[in-house]
Amino acid sequence: MFWSKCRLGGIQKIRDGCLHRGYATGPTYDPSKIRNMALVAHIDSGKTTLTESILLKSSYLSASGTVDTGSTTTDFLPVERERGITVQSASIPVQWKNWTFNLVDTPGHADFGMEVESASRVVDGAVVLIDSVEGVESQTKGVWRQLDRYGVNTRIVFLNKLDRPGGSFKASLVSLLKHRLHPNPMALTLPIASFNPRHYNEGQPGIQGLVDLVRWNVWKWNEEGEASCHPLPEDVEELEKMDIFPSSHPLVPHLVPARTQLLENLSMFSEELMESLLSMPSDPSAYLKFDNKVIMRHLRQASLKNQILPVICGAAMKHVGTDVVMDYIGELLPSPMDVTHDVQRNNTPVRLLAWKVNWDDKRGWMTFVRVYSGKLTRQSTLLNTNRNQKEKVAKLLLLYASEAKEVDELPFGSIGVILGLKHTRTGDTLVSAGVSDVFKSAMRDITPPPAVMSASVIPRSHADLQPVQDALESLSRTDPSLRVDVQEGQILVHGLGALHLEIVEGRLRDEWRVNFEFGRRYVSYREALGPKGPPEGWNIWETELGGKSISVKMPLTVRPLELEEQGILYEKGRPVPTPESIPGSSIAYVAEGILNALSNSPHSSLPLTHLHITVGSMKDIGTKVPSIITRAAAATLRTRIREAGIGPILEPFIFLKVSVSESSLGKVVKDLTERGGEVLDLGEGSDGADGQDVGGYSDDGVYVPPEWLSPSGSPTSLSRSSVSYVKRSIQGVAPLSQFLDYSNRLRSMSEGHGLFEMSSAGFRDVSEERKMEILREIGRA
């Protein structure tokens with residue numbers, strides 16, 4: 001049982017049990033109170049733990065689970081509970097005060113970046129967690145770029161794990177500037193490591209409370225997890241006489257300057273607030289008496305415009321700061337009404353986006369959707385505009401992680417699940433059947449990250465072949481980042497990394513129960529266009545149809561792709577859509593032929609990349625037969641690629657961060673450079689870059705808290721602590737193929753004490769020597 005008490009409001013008992021589940025379908029439904037938001041972060045930053053704490057505080061749970069015991073609500077897959085990691089995103093509606101949060105918990109591992117990609121497409125705001133011991137990490141920047149890509153501009157940063165030794169509020173906030181996440185991070189809360197002043201001198205880790213600089217109050221948590229909220233005096237002299245802080249507490253004299261700087265920094269983004277501050281008396285107490293509701297209004301405006309980055313701190317494992325985070329999610333993150341949307345009327349047609357597809361043994365195909373317009377009801381007929389297929393809605397669900405609640409409708413702005421859709425895939429747009437062509441335009445798609453690792457799938461017998469193929473097709477529908485193809489009679493799966501393929505292997509065995517063996521894992525190489533120019537008549541293809549000779553001239557222009565260019569274009573530089581989205585048109589048949597030709601090179605059998613292809617007018621190509629157009633497009637493009645000669649070979653690279661002791665540093669650096677890697681940075685601790693930071697943002701106009709706010713994270717306390725805190729870090733970039741077994745190698749070099757993490761660095765050209773090695777490896781030299 002949790003109790004929340006506030007000095008002004010007495011003690012309020014939070015009742016056990018679950019709140020009523022389901023969207024209000026009557027006139028009480030208010031989209032301005034909806035917050036579609038995601039929790040995103042680097043792996044092991046505490047996303048799932050914060051989700052459990054939110055569910056507990058909102059009375060959804062009577063007791064929270066933990067990742068270590070495999071008892072969390074949103075990590076319900078067997079593989080997630082076994083490994084203690086999040087593999088797939090999970091959605092759950094949360095009631096908090098007068099808001100409804102459609103909360104999406106996402107994976108932190110780069111191998112499951114597709115889950116973050118799809119979630120980023122449908123949320124309006126995000127809480128980005130940062131481990132306060134580590135600061136900004138490689139995948140923190142990875143998810144940050146994904147949010148940028150889909151225009152999720154309003155974010156809150158939660159500095160988690162301040163209860164751990166080495167956790168630093170200042171260092172974490174500074175890392176936001178160093179890694180160029182935002183030029184204006186704004187601390188809304190200050191951590192209270194202890195209410196005993198002596199602990200600050202002893203460097204003891206912990207967090208017992210928070211100061212909310214906006215609402216001007218103090219939160220205090222005891223060992224039982226009970227929280228109390230205490231208003232702060234609005235007079236400077238009375239601050240030193242508070243009962244909650246001893247008179248000698250180092251935080252007390254810092255409170256007024258922190259509040260003052262918050263208001264002054266915020267006024268830089270609001271003329272109205274600036275004028276209000278200029279008209280105030282010069283007495284410092286005037287800043288304390290300033291109306292908190294006015295501050296919150298300006299804070300919300302600046303957050304929605306992405307002018308500031310709100311920063312909150314706490315420790316999710318101990319539920320410290322969870323109440324505050326939930327309040328600020330409601331106050332600062334946008335509602336569906338705050339983002340671009342169609343005008344909503346009673347008869348507005350339905351438009352929704354499928355952002356995730358799952359298979360359930362009992363329910364069948366489950367399609368997760370975000371409603372962008374209108375109101376979706378049961379038994380509706382929808383049109384999939386990407387595939388030009390009609391779909392029938394059987395049931396509508398609200399999903400609470402693994403539990404479902406059937407509802408009658410999904411109103412504008414909501415996130416829910418549809419049962420009964422047969423053709424829809426991740427990223428498809430669905431609209432009301434019978435709407436005008438103007439309303440049928442597809443919304444922005446969800447782009448899967450490129451695969452970097454492959455493995456063969458070998459059925460144990462001929463009878464197992466079809467079940468294995470069916471299982472792979474179903475799995476690739478649920479996970480668009482998994483690509484399946486057949487080369488020289490062998491089934492190959494292509495994924496985002498070794499862990500991704502391990503999970504795929506386990507799900508095929510446990511969920512689809514098929515009999516197969518997984519072959520050796522290897523990286524996925526690519527080939528680019530060769531250096532030779534096109535021969536005369538390369539784009540003319542001749543064949544016979546019904547005894548009659550046919551000559552087809554394909555209007556293709558092919559050249560190497562430049563930076564920032566899109567690959568395949570037609571008609572005034574527009575991207576060529578997928579064949580499924582425009583069935584029956586000539587450009588669809590050409591697109592199908594182009595994709596077939598690019599799937600493997602005539603020189604190396606590798607997939608082709610970095611080609612810029614323009615499709616011209618299709619009026620005078622010489623035929624209208626679909627199969628002929630597809631074959632002609634594939635054949636002429638293959639001719640162009642073959643005549644150009646073998647092109648550059650590209651290999652997937654990784655950014656590598658390794659933390660080892662001083663004694664192991666030389667061995668690790670030597671191993672990295674001998675295997676084709678490059679050292680980007682050597683430093684102390686685990687804070688570092690991934691090679692993409694040109695230089696950090698200035699801290700001018702940014703409130704940077706003092707180091708002593710986090711006693712165990714200050715340099716003086718670290719020097720008194722064990723040597724584990726003075727590890728050396730190596731930042732580097734290296735070919736993935738040389739680091740598939742790096743875990744065992746690093747364990748040997750560091751005597752079991754080394755830590756490392758990888759993130760994708762994209763595909764890069766290789767040297768001629770390495771090119772010949774790769775061609776020999778794949779049997780093409």
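A residue is treated as buried when its relative accessible area is under 20%, as exposed when that area is over 50%, and as partly exposed in between. In the predicted model described here, E117 has a relative accessibility of 2% and is therefore buried. The residue with which E117 pairs is R149, the two side chains forming a salt bridge with an N to O distance of 2.9 Å. This contact joins separate helical segments, because E117 belongs to helix 3 (residues 113-122) and R149 to helix 4 (residues 138-149), so that parts 32 residues apart in sequence are tied together. R149, at 39% relative accessibility, falls in the partly exposed class.

Side chains of opposite charge can pair when their charged atoms come close. A total of 34 salt bridges was counted in the model. Among them is the pair formed by D342 and R351, whose side chains meet at 3.8 Å, N to O; this distance lies within the 4 Å limit applied to such pairs. R351 is buried, as its relative accessible area is 11%, whereas D342 is partly exposed, with a relative accessibility of 30%.

A further salt bridge links R507 to E511, with 2.9 Å between the closest N and O atoms. The arginine of this pair, R507, is classed as buried because its relative accessibility is 14%.

Two packed helices are described by the angle between their axes and the distance between the axes. The axis of helix 8 (residues 252-267) comes within 11 Å of that of helix 11 (residues 292-304), and the two cross at roughly 50 degrees. Helix 8 is therefore oblique to helix 11, since angles under 35 degrees would count as roughly parallel and those from 65 to 115 degrees as roughly perpendicular. The crossing of helix 8 with helix 11 is left-handed.

The contact between these helices involves R259, L263 and L266 on the side of helix 8, which meet N292, I295, H298, L299 and A302 of helix 11. By residue class, the contact comprises 5 nonpolar, 2 polar and 1 charged residues.

Technical notes:
Residues are numbered from 1 along each chain as its sequence is written. This is a predicted model: local features need pLDDT of at least 70, side-chain atom pairs count only at pLDDT 80 or more; totals for chains, interfaces and linings use all residues. Side-chain values use heavy atoms; hydrogens and water are left out. Helices (H or I, at least four residues) and strands (E, at least two) are DSSP runs, numbered from the N terminus. Buried means under 20% relative accessible area, exposed over 50%, partly exposed in between (1.4 Å probe, protein chains only). Axes are lines fitted to C-alpha atoms, for helices over the stretch in contact, and angles run from 0 to 180 degrees between N-to-C directions. Angles under 35 degrees count as roughly parallel, over 145 as roughly antiparallel, 65 to 115 as roughly perpendicular and the rest as oblique. A crossing is left-handed if the near helix is turned anticlockwise from the far one by less than a right angle, and right-handed if clockwise. Contact means heavy atoms within 4.5 Å. Ala, Val, Leu, Ile, Met, Phe, Trp, Tyr, Cys and Pro count as nonpolar, Asp, Glu, Lys and Arg as charged, and the others, Gly among them, as polar.
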